[in-house]
Amino acid sequence: MMALRHKGIQCGKPMRVIGVVSLSGGQGKTTTTFFLGLHLSQRGKKTLWIDADPQANLTFFSGVQNTHESLEKVFRGELDVKNSICSLPWDNLFIIPTDGGLARINEYLSSSGNGGRMLMRRLKAIHSYFDFCLIDAPPAISQIVFSVIGASSDILIPFEVALKGTNCLVSTIQLLLDLADLEIWNGKVLGVLPFRDKWYGFNQLIDARENMDAVKSYLNNQFKIFPAILESAKYRSAIRQGKTLAEIGYPELDAPFLSILQSLGEEQDGTN
């Protein structure tokens with residue numbers, strides 16, 4: 001664990017909290033959170049991952065094994081958020097881990113009367129310690145998702161380029177609109193990120209093209225569409241190695257994340 005007050009890593013401005021949200025599984029949330037975190041940390045940005053998905057895939061990929069001091073206790077107020085943060089092998093990158101027990105927190109949040117703002121309240125204590133916080137949300141409508149969205153200044157929506165993904169994107173955007181109406185969330189949508197876009201050579205497969213056409217028609221230029229994460233085993237290989245796509249020899253596959261960095265004003269390589 002990491003005692004922040006003794007690390008001297010305070011940053012110059014409050015951290016930017018980006019919720020990676022999509023209401024179905026297999027939409028690319030953890031993949032997006034993982035690689036975006038690597039790229040930000042490599043640019044000298046102190047970056048915090050929060051694994052808010054009880055499946056705990058981000059925690060597993062980060063290599064953290066002891067999740068006793070986890071997000072569930074932070075939600076309940078049983079653990080100071082500063083003492084829940086784990087150091088990682090990568091420079092400038094940290095995580096608040098989780099495990100399957102996080103699913104129990106939904107009932108607690110529901111009965112609290114202010115669950116949609118609970119995570120935002122818990123994170124206030126560390127807003128001066130990080131440049132960015134990336135939250136990997138669970139794949140379902142739940143109190144945890146409400147709280148992740150309520151804590152986020154920006155929302156990034158990955159979606160699989162398939163019928164299920166298109167429907168999921170529509171449902172996710174509708175949820176954001178509903179939470180904005182309830183004044184639980186007052187942030188913005190950073191953009192949508194196609195996932196598992198299928199190409200054969202230089203030609204996009206017909207079903208993928210039809211789904212992307214449907215998405216573009218639905219969005220009607222309201223939100224930015226980032227370059228797609230292509231259907232490729234190279235992403236899984238890079239995750240297993242803890243590296244970016246460029247670091248394993250496939251820089252062209254990093255295009256989606258570089259485009260997001262550009263939107264965040266962090267497109268340049270190098271550290272501060």
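In this predicted model, helix H1 (residues 29-42) packs against helix H9 (residues 234-241) at an angle of about 55°, and their axes are 11 Å apart. That angle makes H1 oblique to H9, and the crossing of the two helices is left-handed. On the H1 side the residues that meet H9 are Thr31, Phe34 and Phe35, while H9 contributes Tyr235, Ala238 and Ile239. Sorted by class, this contact of H1 with H9 holds five nonpolar residues, one polar residue and no charged residues.

H1 also packs against helix H10 (residues 255-263), where the axes come within 10 Å and cross at roughly 60°. Here H1 passes H10 in a right-handed crossing. The contact draws on Thr31, Thr32, Phe35, Leu36, His39 and Leu40 from H1, which are in contact with Phe257, Leu258, Ile260 and Leu261 from H10. In the contact of H1 with H10 there are seven nonpolar, three polar and no charged residues.

A further pair is formed by helix H4 (residues 105-112) and helix H6 (residues 143-151), whose axes come within 8 Å and cross at roughly 65°. H4 and H6 are therefore roughly perpendicular to each other. The contact of H4 with H6 divides into three nonpolar, four polar and no charged residues.

| Helix pair | Crossing angle | Axis distance |
|---|---|---|
| H1 and H9 | about 55° | 11 Å apart |
| H1 and H10 | roughly 60° | within 10 Å |
| H4 and H6 | roughly 65° | within 8 Å |

How many of the residues of H1 are buried? H1 is mostly covered, with 13 of its 14 residues buried. The length of H1 can be checked as well, because at 1.5 Å a residue its 14 residues should span 20 Å, and the C-alpha atoms at its ends are 20 Å apart, which agrees. Just after H1 comes Gly44, which takes a positive phi of about 80°.

In H10, the buried residues are Pro256, Phe257, Ser259, Ile260 and Leu261. The elements that cover them include H1, H9, strand E6 (154-160), strand E7 (188-197) and strand E10 (229-230). H10 is followed by Gly265, which has a positive phi near 75°.

Positive phi values are also found in residues other than glycine, as Asn92, with phi near 70°, shows. Asn92 lies in the loop between strand E3 and strand E4 (93-96), and at 19% relative accessibility Asn92 counts as buried. For Asn221, a residue other than glycine, phi is likewise positive and near 65°. This residue, Asn221, lies in the loop between helix H8 (206-219) and E10, and at 76% relative accessibility Asn221 counts as exposed.

Asp80 is found in the loop between helix H3 (71-76) and strand E3 (86-87). Asp80 is partly exposed, with a relative accessible area of 37%. Along the chain Asp80 and Glu69 are 11 residues apart, and their C-alpha atoms are separated by 9.7 Å.

Definitions and conventions. Residues numbered from 1 in each chain as written. Predicted model: local features only at pLDDT ≥ 70, side-chain atom pairs only at ≥ 80, totals over all residues. Heavy atoms only, no water. Axes fitted to C-alpha atoms, helices over the stretch in contact; angles between N-to-C directions. Helix = DSSP H or I, 4+ residues; strand = E, 2+ residues; numbered from the N terminus. Parallel < 35°, antiparallel > 145°, perpendicular 65-115°, else oblique. Left-handed = near helix turned anticlockwise from the far one by under 90°. Contact = heavy atoms within 4.5 Å. Nonpolar A, V, L, I, M, F, W, Y, C, P; charged D, E, K, R; others polar. Expected span 1.5 Å × (residues − 1). Buried < 20%, exposed > 50% of the residue type's maximum accessible area, 1.4 Å probe, protein only.
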